[in-house]
Amino acid sequence: MWHEGLLIKLKERFSTQLFNILKSYLSDRYFYVRYRQHSSDLFPVRAGVPQGSILGPVLYSLYTADIPVAPQTTIATYADDTVIMASHKDPIRATEWLQSGLDLMLLYKAMLKPIWTYGLELWGSASNSNVEILQRFENKYLRMITGAPWFTPNYVIRSNSDLPMVKEEIVMRMKRHKEKVKAHTNPLAQDLLVVSYEQRLKRRRVADFNSL
């Protein structure tokens with residue numbers, strides 16, 4: 001559980017006195033790792049609640065209470081497991097209801113994402129400002145698709161959607177492209193990875209991804 005998001009939800013539901021108590025319960029906690037006679041430094045706990053605590057399940061229920069639910073479906077949660085359920089005498093109809101909760105994300109992955117990733121092996125060396133335009137576009141539509149509240153960080157939405165950032169996508173595609181070019185039977189294609197001139201601009205070239 002992301003502490004800042006949880007605290008915003010608690011502040012909306014409880015009095016100031018109770019909120020401050022719960023905030024104190026979550027704040028200033030640290031952890032360290034110990035292996036045999038060796039111990040790590042202390043690090044702040046920025047997510048999660050103490051295991052085995054009485055408040056843990058209650059806080060988790062409050063944190064996940066606003067999960068978006070598609071019509072005709074039910075979400076059941078236990079610990080960190082989540083299940084989407086639908087019931088109908090016609091299994092085809094039940095399947096359609098279940099699919100409705102996933103269709104928007106599937107449409108994005110199947111139709112929108114292929115548009116902006118087309119030719120990425122060529123334009124992936126574009127300037128950071130142009131890449132950021134795509135990143136803002138994707139962040140906006142992922143938030144709309146998932147119905148995430150305004151205070152949910154983009155990295156949380158992306159993690160739950162199992163989608164890399166645009167720059168990460170570029171690096172992965174470039175690495176695969178580099179391996180294909182290196183293994184190409186045409187030596188002229190292999191020469192594309194050889195840089196024989198000085199670059200006047202600071203913009204990255206396809207060959208610059210060799211070191212990734």
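Student: In which hand does α1 pass α2 in their crossing?
Tutor: This is a predicted model. In it, the crossing of α1 past α2 is right-handed.

Student: At what angle do α1 and α2 pack?
Tutor: Helix α1, residues 3-13, packs against helix α2, residues 16-26, at about 165°, and the axes are 10 Å apart. Angles over 145 degrees count as roughly antiparallel, so α1 is roughly antiparallel to α2.

Student: Which residues make the contact?
Tutor: From α1, His3, Leu6, Leu7, Leu10 and Lys11 take part; from α2, Phe19, Leu22, Lys23 and Leu26 do. Sorted by class, the contact of α1 with α2 has 6 nonpolar residues, 1 polar and 2 charged.

Student: Other topic. Is Ile157 buried or exposed?
Tutor: Ile157 is buried, because its relative accessible area is 5% and the cut-off for buried is under 20%. Ile157 belongs to helix α8, residues 154-161.

Student: What does Ile157 touch, leaving out residues up to four places away in sequence?
Tutor: Ile157 touches Leu142, Arg143, Thr146, Ala148 and Thr152. As for Thr146, it is 11 residues from Ile157 in sequence, and their C-alpha atoms are 7.7 Å apart.

Student: And how far apart are the axes of α7 and α9?
Tutor: The axes are 9 Å apart, and helix α7 (residues 128-146) packs with helix α9 (residues 166-182) at an angle of about 115°.

Student: Which residues meet there?
Tutor: Asn128, Val131, Glu132, Leu134, Gln135 and Glu138 of α7 meet Val166, Lys167 and Ile170 of α9. The contact of α7 with α9 has 4 nonpolar, 2 polar and 3 charged residues.

How values were computed:
Residues are numbered from 1 along each chain as its sequence is written. This is a predicted model: local features need pLDDT of at least 70, side-chain atom pairs count only at pLDDT 80 or more; totals for chains, interfaces and linings use all residues. Side-chain values use heavy atoms; hydrogens and water are left out. Axes are lines fitted to C-alpha atoms, for helices over the stretch in contact, and angles run from 0 to 180 degrees between N-to-C directions. Helices (H or I, at least four residues) and strands (E, at least two) are DSSP runs, numbered from the N terminus. Angles under 35 degrees count as roughly parallel, over 145 as roughly antiparallel, 65 to 115 as roughly perpendicular and the rest as oblique. A crossing is left-handed if the near helix is turned anticlockwise from the far one by less than a right angle, and right-handed if clockwise. Contact means heavy atoms within 4.5 Å. Ala, Val, Leu, Ile, Met, Phe, Trp, Tyr, Cys and Pro count as nonpolar, Asp, Glu, Lys and Arg as charged, and the others, Gly among them, as polar. Buried means under 20% relative accessible area, exposed over 50%, partly exposed in between (1.4 Å probe, protein chains only).
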